[in-house]
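Welcome, and take your time with the picture below.

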Amino acid sequence: MTTTASGGSGLTGLTAAELAEKLQSGATSAVEVTQAHLDRISAAEPAVHAFLHVAADEALAAARAADEDRAAGRAASPLAGVPLALKDVLTTTDMPTTCGSRMLQDWVAPYDSTVVRKLRDAGVVVLGKTNMDEFAMGSSTENSAYGPTHNPWSTDRIPGGSGGGSAAALAAFEAPLAIGTDTGGSIRQPGAVTGTVGVKPTYGGVSRYGLVAFSSSLDQPGPCARTVLDAALLHEVIGGHDERDSTSIAQPVPPVVAAAREGASGDLRGVRVGVVRELAGEGYQPGVQASFDAAVAQLTGLGAEVVEVSCPNFDYALGAYYLIAPSECSSNLARFDAMRYGLREGDDGARSAEEVMSLTRESGFGPEVKRRIMLGTYALSSGYYDAYYGQAQKVRTLISRDFSAAFQQVDVLVSPTTPTTAFRIGERVDDPMSMYLADLCTIPSNLAGNAAMSVPCGLSADDGLPVGLQIMAPAMADDRLYRVGAAYEAARDAADGGALINRVPQLEVAQ
Amino acid sequence: MSKISRDEVAHLAGLARLAVTEAELDTFAGQLDVILESVARVGEVAADDIPPTSHAVPVTNVFRPDEVRPSLPRDQVLAGAPAAEQERFRVPRILNQEG
Amino acid sequence: MTATAEIMDYEQVLDRFDPVLGLEVHVELSTRTKMFCGCGNEFGAEPNTRTCPVCLGLPGSLPVVNGKAVESAIRIGLALNCQVADWCRFARKNYFYPDMPKNFQTSQYDEPIVFDGYLDVVLDDGETFRVEIERAHMEEDTGKSLHVGGSTGRIHGAEHSLLDYNRAGVPLIEIVTKPITGAGARAPEVARAYVAALRDLLRALDVSDVRMDQGSLRCDANVSLSPRGSGVFGTRTETKNVNSLRSVERAVRFEMQRHAAVLTEGGEIRQETRHFDESTGSTAAGRPKETSEDYRYFPEPDLVPIAPSRDWVTELGGTLPELPWERRKRVQDQWGLSDEELRDLVNAGALDLVAETVDAGASSGEARSWWVAYLAQQANTRGVELAELAITPKQVARVVELVGQGQLTNKLARQVVDGVLDGDGEPDEVIAARGLEVVSDDTQLQAAIDEALAAQPDVVDKIRDGKVQAAGAIVGAVMKATKGQADAKRVRELVLAACGQ
Ligand SMILES: [Mg+2]
Ligand SMILES: [Zn+2]
């Protein structure tokens, strides 16, 4: 029997900031909040499939501990007792870490990632692990070995990827907070197509220790939420220097929560905003372009000084990305060889280690992962390195220079987060290049390592699906994203008479 | 015209330790061709005087003090092993000799 | 498979060819922890008890460079007269092998930390041969495999293998020479002497245990032959598994002879890896690889570049101890040694021991005599290296001091040394425990002398007649009677006095 039930009602309808306030005042308990979300997960999962693993017992135990700490007057952080959905690419000692791959089915890491350790230290309650494209390679979550996730706005649509599970969990009100990882847009693009907020912090701003690497020089964990303030609260919990990650920046986390609160006052006078000329035009869905233009007009209305800026080398970003990321992945994924952990196939006593490795990798990896391993192996091969990998790294230099020049003129850059709204499940699976285009706007920030955010900017007039506004800031100026994002969000909600996310259709859910 | 041959795909699969099927050889040859043609544009812009960027953050000299930290307990080390014997990881016979 | 290779007579090889060598030495650093993680770096621990997510290459783990290892690399470079890079990176060397947890080795590729140096090597005849150093770079060691089934734990015919990753991630410095030409007939000796000199240098720097038997110093020898006078390099082979100084020499010699035989018969040398067999003194080809080597190096994205400041390099330069050749030069001058005497000392592995004995107060002559004679002989009978004998230079110096003070005779001194070697404690303790003190009490001696004089009246007459050299027979008898504990000089005085001389 099915019936409709709103996810956005009761405890599950609240933002993390609101939950934190109720927990603080004693109006509710972490156990109550956690149970409400576990119930919502049970109801929504058949339609959404955002989770690969739900850790009900562990979550309730963590919630009880958070309640006890609070009762004893030592709440670990403002987010103590607030639930969260974790992308299944960060290691956890009490849940499997599969990365959406058969290769790691049921694998439990003997150590916690730094992000998870910080979450636990802050008293955040981890509900479970969310679905993703296998090893974070994809833009639709269709590359998961465990089946696709459905977009709560329209369940025949993709929720974006690779972090579609985390974004869908937010949009389906299964969790108020989530963690994603962004290599070429895997936080921002799912955020855009599900009407949620996603932030890729400055590369080095959040530790990668325990993040199963796809492309080491690009990967960056970050916060996902339904509001800019919630993302900021989570950002401060997970950010900061980590001596276990050599590429982690030894500086304090930028003051993102203060910036989000300041921005919410809605005043952007004195802020210079640059519209990137190259991230528009052919290939951009008219409804997306229109929503973006309206958002830019709202920024002007808030007092921002808006100018057009040119970043000519962004045209080469996609090419550079699809050389660098596969190259690094071909090396990072070499460790999945059936010798020490994970899947082993074909070990019949007669076959050699070499044969067992090849058979296991052949059957354990999905087609997209294999395609990228092959592409990366090619790009790094002697004779091709200079023309491909070497050139791609030079493009990276040029893109960084474009950003530097642009940030001389403006404080932040803006663009649509994605060229189109969520496409239909199955629509692009056989056409890798068209799939890759989904990350056209997000990739430059990964290549340069600067900070970027996607914040919902209305629904596309042509299909009624969410559109994302991308805001980009210089490295370690993540606070600018939050100031501008929060100001825009407040103006949008005021104009719309409510939060965009509350317009998500009610799911057909099991009762 | 195809840039990447079936044989080349087979060679790459060998380097990458993937026991690809005959059908996959054709599929990958076709798809890699399309992707490579598209990404090859990176060759258009970058001249010799442009230094490559390998790391987005310009940090150098990150070192760890030479101090012992606890290793993992051995039962945890071997817990995830597909096979273990004599407190070691058991693997099929190794053909290639390597240094 | 095991057909013995044809080899050419060594003299004939040199008539036709000039050998070209290239030596790659891997040194395990003796840091407390591994290269990229905090696991203990120790030899011989229980399997898989010195491992963590990083050195097991677990998904999500990240390396962090051991600063001490970088210091050691720079110090080694400075001692080898190398340039230190202003800026360099680690790279990934990609290939699959079960003993390598990540299936890539974190190493350095075209940006080694130090490069362009040399090491002057003293050959057996005292001549110096300069070996040019191409580079030295940092990398990590692999795990160890145990091959089960088949014969004698060898990889061939094994049914399966067992892996221990305690060694995985141990810091390695790989030191690579430029092509060594012009050594001619002495190429095998140069190879051995180079590795020996490098070993002494690394020991002096205190950066490694340099135990070839335990694998903390490993040498791969590249050998090729160039037709005499042609200047054209031939195809090289790389011989691995060369685990002693003697083997280095034998392996190079064997490969020269094998190459020459193949080339002379019109054959071709295949560029390949070969393995040295200690028991036969020959090399054998490894199994050919399925796929050609293509390591697909690229800069390691998980580690940031290293840019040693000039100040740091200067500071490290100041920490270099007196290096072996500097010490040799100084010692030769100070002790007034001939080249030959110095060489004997060096070849016996006694130089440092003698120097330390001198530092502890002994004269260089006494110290040398103890180490190269009696102690070298003891080391030989006990089957250990001189340095491994259970006696310290300080203890030897004490024995020398006691002899000088007349408290020990040379014979007694050797008994004291034996006691120390047997683990009976300090020289003074051995003397007390074994009652080895010289008998210097005249009244005690007089009884023994009277007895000896009475037993040999004819000798007494000769002495009385002025033939004082005859006293030796009496002294000998007294020494025998006192079991060598008498001071022979004093006995002689007393004997002569008793005979009116
Ligand atoms: Mg090496
Ligand atoms: Zn370790």
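This is a predicted model: local features need pLDDT of at least 70, side-chain atom pairs count only at pLDDT 80 or more; totals for chains, interfaces and linings use all residues.

Let us begin with the zinc ion (ligand 2). Its donors are the SG atoms of C:C37, C:C39, C:C52 and C:C55, at 2.3 to 2.4 Å. The angles among these four donor atoms run from 100 to 115°, and the site is tetrahedral. Along the sequence, the donor residues follow the spacing C-x1-C-x12-C-x2-C. Two of them, C:C39 and C:C55, sit 16 residues apart in the loop between β1 (17-28) and β2 (65-66) of chain C. C:C39 counts as buried because its relative accessibility is 0%, and C:C55 is buried too, with a relative accessible area of 7%.

Chain C also holds donors for the magnesium ion (ligand 1). Here the coordinating atoms are two OE atoms of C:E139 and one OE atom of C:E174, at 2.0 to 2.7 Å. C:E139 belongs to strand β7 (residues 128-140) and C:E174 to strand β10 (residues 171-177), so the pair ties together parts of chain C that are 35 residues apart in sequence. Both C:E139 and C:E174 are buried.

Now turn to chain B and its helix α2 (residues 22-39). This helix has 18 residues and spans 26 Å from its first C-alpha to its last, close to the 26 Å expected at 1.5 Å a residue. In an α-helix there are 3.6 residues a turn, so residues three or four places apart point the same way. Buried residues in α2(B) include B:L25, B:F28, B:A29, B:L32, B:I35, B:L36 and B:V39.

How do chain A and chain C meet? The contact draws 39 residues from chain A and 32 residues from chain C. Together the two chains bury about 2,700 Å², 58% of it on carbon and sulfur atoms. On the side of chain A, the three residues A:S246, A:R335 and A:R340 supply 23% of the area buried against chain C, more than any other three residues.

Staying with chain A, find A:S144 in the loop between β4 (125-130) and α5 (164-171). A:S144 is buried, with a relative accessible area of 8%. Beyond its close sequence neighbours, within four places, A:S144 is in contact with A:L52, A:G100, A:N131, A:M132, A:D133 and A:E134.

We finish with the backbone. Most residues other than glycine have a negative phi, and most peptide bonds are trans. The bond from A:G161 to A:S162 is cis, with omega near 5°, and A:S162 lies in the loop between β4 and α5 of chain A. In chain C, C:N103 has a positive phi, near 60°, and is found in the loop between β4 (91-94) and β5 (104-107). C:V210 likewise has a positive phi, about 40°, in the loop between α3 and β11 (217-227) of chain C. C:N103 counts as buried at 1% relative accessibility, as does C:V210 at 4%.

Notes:
Residues are numbered from 1 along each chain as its sequence is written. Chains are lettered from A and ligands numbered from 1 in the order in which they are written. Side-chain values use heavy atoms; hydrogens and water are left out. Donors are N, O and S atoms within 2.8 Å of the metal (3.2 Å for Na, K and Ca); water is not among the atoms, so sites may look incomplete. Four donors count as tetrahedral if all angles lie between 85 and 135 degrees; four count as square planar and six as octahedral if opposite donors are over 155 degrees apart and all others between 65 and 115; anything else is irregular. Helices (H or I, at least four residues) and strands (E, at least two) are DSSP runs, numbered from the N terminus. Buried means under 20% relative accessible area, exposed over 50%, partly exposed in between (1.4 Å probe, protein chains only). The expected span of a helix is 1.5 Å times one less than its number of residues. Contact means heavy atoms within 4.5 Å. Buried area is the accessible area (1.4 Å probe) that two parts lose on being put together, summed over both.
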